[in-house]
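I hope they are handy to have beside you as you look through it.

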Amino acid sequence: TNVNEVPSAISLSANTIAENVSVGSGVEIGALTVSDPDASGNNNVLSLSGADMASFSIDNGKLMFTGSSPDFEAKSSYSVTVTSTDGSLDKSQHFTVSVTNVNEVPSAISLSANTIAENVSVGSGVEIGALTVSDPDASGNNNVLSLSGADMASFSIDNGKLMFTGSSPDFEAKSSYSVTVTSTDGILVKSQAFTVSVTNVNEVPTLTATCLLYTSDAADEGLG
């Protein structure tokens, strides 16, 4: 006589999803297969439970991701449990769906300060401010920084800081400098233009000597 037997296993053909994917009505993770000594094993009813069950559904024997578009940096994996039952016996299997990291372009480059005083002694360089790369990838601030722009020759980057290395600024001659900072991981790049303003310094007036000539003709006219 046939005895109803519990399924021995539930398998999932794939278990990854790429970050930033457009989910739409659902993204297929993989096909679910129930290993059951009874011939009707794959006709069993499947259901979901677990910590992240709200982000999944089952459609025609396939595990579907239906949550918000995954972000590897915020959540690198999801946990879900699939249960198969014939109404009497059931089998549950836990799955971890991993989010695959995708290289993302930095969203911004910021500079902590953007002024320099005129007549300052430049020496080996004057720090303008610290550069920070806002990057969804954790390695954002390890990207390589480079300079371009109209006044790039007056600047350098030292240990993540924008340095002024040109001639001592003169507000009256040039009140601002333009430089563009680019961040790259070797594949993706982000560029940001900055204006560094020269702050005017009150300077002591300079005295210009004027020579007045006294002529004999003028003297004679005065005596006439």
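**Notes on the model**

1. Let me start with one side chain: Lys62 is partly exposed, at a relative accessible area of 31%. Here buried means under 20% relative accessible area, exposed over 50%, and partly exposed in between (1.4 Å probe, protein chains only). Lys62 forms a salt bridge with Glu28, with the closest N and O atoms 3.6 Å apart; the term stands for a side-chain nitrogen of Lys or Arg within 4 Å of a carboxyl oxygen of Asp or Glu. Since Lys62 lies in strand β6 and Glu28 in strand β3, the pair ties together parts that are 34 residues apart in sequence. Glu28 is partly exposed too, with a relative accessible area of 42%.

2. A word on the basis. This is a predicted model, in which local features need pLDDT of at least 70 and side-chain atom pairs count only at pLDDT 80 or more, while totals for chains, interfaces and linings use all residues. Residues are numbered from 1 along each chain as its sequence is written, and side-chain values use heavy atoms, with hydrogens and water left out.

3. Now the overall picture. The protein has one helix and 16 strands, taken as DSSP runs (helices H or I, at least four residues; strands E, at least two) and numbered from the N terminus. Of its 224 residues, 30% count as buried. Among contacts (heavy atoms within 4.5 Å) with a separation of 6 or more, 64% are between residues 24 or more positions apart.

4. Which residues have the most contacts inside the largest nonpolar core? They are Ile29, Phe56, Leu63 and Phe65, in a core of 18 residues. Such a core is a set of buried Ala, Val, Leu, Ile, Met, Phe, Trp, Tyr and Cys residues joined through side-chain atoms within 4.5 Å. The elements giving two or more residues to this core are β1 (9–12), β3 (27–35), β6 (62–65), β7 (77–85) and β8 (90–100); β3 gives the most, with four residues. Apart from this core lies another, of 17 residues, including Leu111, Phe164, Tyr177 and Val196.

5. Leu63 deserves a look of its own. Leaving aside neighbours within four places in sequence, its contacts include Leu12, Ile29, Leu48, Phe56, Val80 and Val97.

6. Turning to a sheet: four strands form an open one in the order β10-β16-β15-β12, with mixed pairing. Two strands pair if DSSP finds at least two bridges between them. Because β10 (115–117) and β12 (144–148) stand at the edges, each with a single partner strand, one side of each is left without a neighbour in the sheet. β12 and β15 (residues 176–184) pair in the antiparallel sense over five bridges, and Ser146 has Thr182 in β15 as its bridge partner.

7. Strands β13 (residues 155–158) and β14 (residues 161–164) pair in the antiparallel sense over four bridges, with Ser156 opposite Met163 in β14. Two residues sit between the strands of this hairpin, where Asn159 takes a positive phi near 55°.

8. Back to charges: the count comes to four salt bridges. One of them joins Lys161 and Glu127 (3.6 Å, N to O). Another pairs Asp151 with Lys174, the closest N and O atoms being 3.4 Å apart. Asp151 lies in the loop between β12 and β13 and Lys174 in the loop between β14 and β15, so this pair ties together parts that are 23 residues apart in sequence. Asp151 is buried, with a relative accessible area of 13%, whereas Lys174 is partly exposed at 31%.
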